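Visitor: I am new to this structure. Please show me how to read it, one feature at a time.

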Amino acid sequence: MATIVVEVMLKPEILDPQGQAVASALPRLGFTFAQSVRQGKRFEITVAGDPTPAQLAEVEKAAETLLSNPVIETFVVKVEK
Amino acid sequence: MRIGVVTFPGSLDDHSALRAIELAGGEPVSLFHGSTDLKEVQAVVLPGGFSYGDYLRCGAISRFSPIMESIIIAAEHGFPVLGICNGFQILCESHLLPGALTRNSDLHFICDDQKVAVENIKTPWTAGYTQGQEIVIPIKNGEGSFQCSDETLAELEAESRVVLRYVGKNPNGSRNSIAGISNKQGNVVGVMPHPEQAIEELTGPGDEGLIFFSSILKEMVGR
């Protein structure tokens with residue numbers, strides 16, 4: 001069994017008010033390290049056995065059509081064991 | 001004149017839209033997301049609400065519902081479609097309209113009477129307004145900030161496809177204060193504020209929203 005992970009982030013030029021809200025909450029708790037914060041989504045997809053190249057290609061397609069909106073977001077697909 | 005309104009799981013304003021069509025003198029027809037049957041309507045409204053709980057992204061899951069298959073094909077052939085609020089989000093996710101609606105810049109859910117200018121009266125949904133007419137209709141959303149690439153923005157402006165623009169303070173960080181747009185042909189229109197909630201003095205800030213519905217009825221007769 002392996003896990004295919006799809007991480008989706010807003011494109012850098014798209015305003016991320018949620019990330020900004022997190023960034024401004026951090027110093028209130030004494031965390032002063034953050035210059036900025038961007039918030040994204042992570043999908044964990046479980047498949048039986050090692051993912052085949054065909055499966056990965058399908059996941060790429062799903063990420064492009066459903067899991068992300070290419071107008072405002074980018075994604076990366078990776079495999080975790 | 002049969003105008004359809006689609007009910008998705010989580011639609012809220014479908015009955016308001018049906019009522020607006022009736023008040024404008026049309027025959028409102030309920031359409032269901034799980035069927036591909038457009039029931040011979042001559043135009044369709046995608047109403048506001050929180051279809052599929054706004055899961056994943058607003059409108060992202062509704063976009064793949066059976067009724068949308070029929071609507072996307074019809075819209076590409078000139079069939080008039082109006083998306084209001086969540087309906088606008090569904091039209092963007094369907095790629096019938098460019099851009100996307102993202103979280104309001106101040107993160108607040110906004111519920112207010114909003115002044116907007118009607119900047120494109122060449123669409124079948126806005127033909128009854130006068131160019132530049134300022135109207136007050138309610139706005140109620142958490143993800144109404146219109147975003148798109150610089151090229152798309154330039155194209156929308158150059159082709160006069162901005163249908164509604166916020167007047168005064170930009171409420172949500174939308175690019176160029178855009179509140180509504182159309183596709184190239186003009187048959188598909190998406191607006192963030194709610195014309196169907198401003199159809200009579202008793203229940204809204206006025207009745208200036210009703211013209212969206214009387215416009216489409218008049219336009220369809222003319223065809």
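Guide: Start with polar contacts between chain B and chain A: 5 residue pairs, both residues at pLDDT 80 or more. A polar contact is a pair of N or O atoms within 3.5 Å; within protein, one must be able to donate a hydrogen and the other to accept it, and residues adjacent in sequence count only if both atoms are side-chain atoms. By class, the side of chain B that touches chain A has 5 nonpolar, 5 polar and 3 charged residues. Ala, Val, Leu, Ile, Met, Phe, Trp, Tyr, Cys and Pro count as nonpolar, Asp, Glu, Lys and Arg as charged, and the others, Gly among them, as polar. This is a predicted model: local features need pLDDT of at least 70, side-chain atom pairs need 80 or more, and totals for chains, interfaces and linings use all residues. Residues are numbered from 1 along each chain as written, chains are lettered from A and ligands numbered from 1 in written order, and side-chain values use heavy atoms, without hydrogens and water.

Visitor: How many salt bridges join chain B and chain A?

Guide: A salt bridge puts a side-chain nitrogen of Lys or Arg within 4 Å of a carboxyl oxygen of Asp or Glu. Between these chains the count is 1. A:E73 pairs with B:R57, with the closest N and O atoms 3.7 Å apart. Over all chains, the structure holds 19 salt bridges.

Visitor: How much area do chain B and chain A bury between them?

Guide: Buried area is the accessible area (1.4 Å probe) that two parts lose on being put together, summed over both. Here it is about 1,300 Å², 68% of it on carbon and sulfur atoms. B:L56, B:R57 and B:L107 supply 39% of the area that chain B buries against chain A, more than any other three residues.

Visitor: What volume does the largest pocket have?

Guide: On a 1 Å grid over the protein atoms alone, a pocket is an open set of points where a 1.4 Å probe fits, with protein on both sides within 12 Å along at least five of seven lines; lining residues have an atom within 4 Å of a point. Grid points are joined across faces, edges and corners, and a volume is the space filled by probe spheres set on the points. The largest pocket has about 460 Å³. Of its 25 lining residues, A:Q18, A:K41, A:E73, B:R57 and B:E143 are closest to the centre.
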